[in-house]
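Open the structure in a viewer and keep the selection tool at hand. The stops below say what to select next and what is there.

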Amino acid sequence: MVDDDQTNRPNHGTEMKRTIAICNQAGGVGKTTTTRDLGFELAERGHRVLVLDADSQGSLGEFLGLNPHRSERQSIWQFIASEADPAREEPPPDMLCEAYGLTVGISNLQLIKLERRLIEQRQPHRLYTILASLGDRFDYVLIDCPPNINEISIQALFAADELIVPVQTEEKAVAGMFLIQEELIETNKRRMPFRPTLKIAGFLPTRYNPSRNLHKHCLTEIERMTASLNCALFDPIREYIAVAEACNAGKPLKLHAPHCPAVRDIQNLADRLSA
Ligand SMILES: Nc1ncnc2c1ncn2[C@@H]1O[C@H](COP(=O)(O)OP(=O)(O)OP(=O)(O)O)[C@@H](O)[C@H]1O
Ligand SMILES: [Mg+2]
């Protein structure tokens, strides 16, 4: 990333912060990969991006080479689950770190213990309050959700303005699309009257291999379901080994394998989001 002055950064004076949760209860559908690569793409375009890991597996930090399980650094979740009043106290600055031009809120296995505290606190708005306190420091906040509905994902869904729902082009994943819709209804009950209605920005078919008949069939099913749910559908992210390799290398795909066609897929997604 280049200095602020040299970027083609959009006009922040008029831009509103968008908090987007990347969410699906199904595991392994590409939530974390999408968070990392979309975040990186938006940052490269000059946006100020915070990517926040809401999963105790800590994959987002790992996929960005941050070694979250060994890190001495406190996670933003420790602050969220502390006694601090998030409306009055700023999060300690070292709870966020930098990687590849992104600001990152890591998570790790401690989140399992912290979740118990959050359940006791009965304050599903704590993450929202902290993100609000960061004011206009970011143009995009992308929250990488866990593969289940727990107190952490409830916090994420309370904080978000919209959802991107990655759906793997596999039969089981397609069937799970209804669950998201049901969860959205529950979430919106919880948000009233404090937060506007949470909306699905779109379903995102992932790990798509157009040479496989099963994937093509599932994509048609996803299109049909998306239309029946009256939601937007993004173009698929195709499956390439380089995507998995980038995760092992702890780097955004665009840096690890700039010529991988999935980079173009992520760019399409970023175009659609900012259209
Ligand atoms: N487009 C793709 N092509 C190839 N491999 C992919 C692609 N997207 C994701 N993967 C691989 O699939 C695995 C799961 O991806 P990822 O961790 O992003 O999913 P997730 O939904 O966040 O999983 P979890 O539910 O466990 O959090 C990873 O090993 C990742 O490298
Ligand atoms: Mg994940």
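Begin with the aromatic rings: a search of the whole structure finds one aromatic pair (Phe, Tyr and Trp rings, the six-membered one for Trp, with centres within 6.5 Å; planes under 30 degrees apart are stacked, over 60 edge-to-face, and the rest tilted). Select Tyr128 and Phe158: their ring centres are 6.0 Å apart and their planes stand at 65°, so the pair is edge-to-face. Now show the helices (DSSP runs of H or I with at least four residues, numbered from the N terminus). Tyr128 belongs to helix α5, residues 126–133, and Phe158 to helix α6, residues 151–159, so the pair ties together parts that are 30 residues apart in sequence.

This is a predicted model, in which local features need pLDDT of at least 70 and side-chain atom pairs count only at pLDDT 80 or more, while totals for chains, interfaces and linings use all residues. Residues are numbered from 1 along each chain as its sequence is written, chains are lettered from A and ligands numbered from 1 in the order in which they are written, and side-chain values use heavy atoms, leaving out hydrogens and water.

Next, colour by accessibility (relative accessible area under 20% is buried, over 50% exposed, in between partly exposed; 1.4 Å probe, protein chains only). Tyr128 is partly exposed at 31%, whereas Phe158 is buried at 5%.

Definitions and conventions. Helix = DSSP H or I, 4+ residues; strand = E, 2+ residues; numbered from the N terminus.
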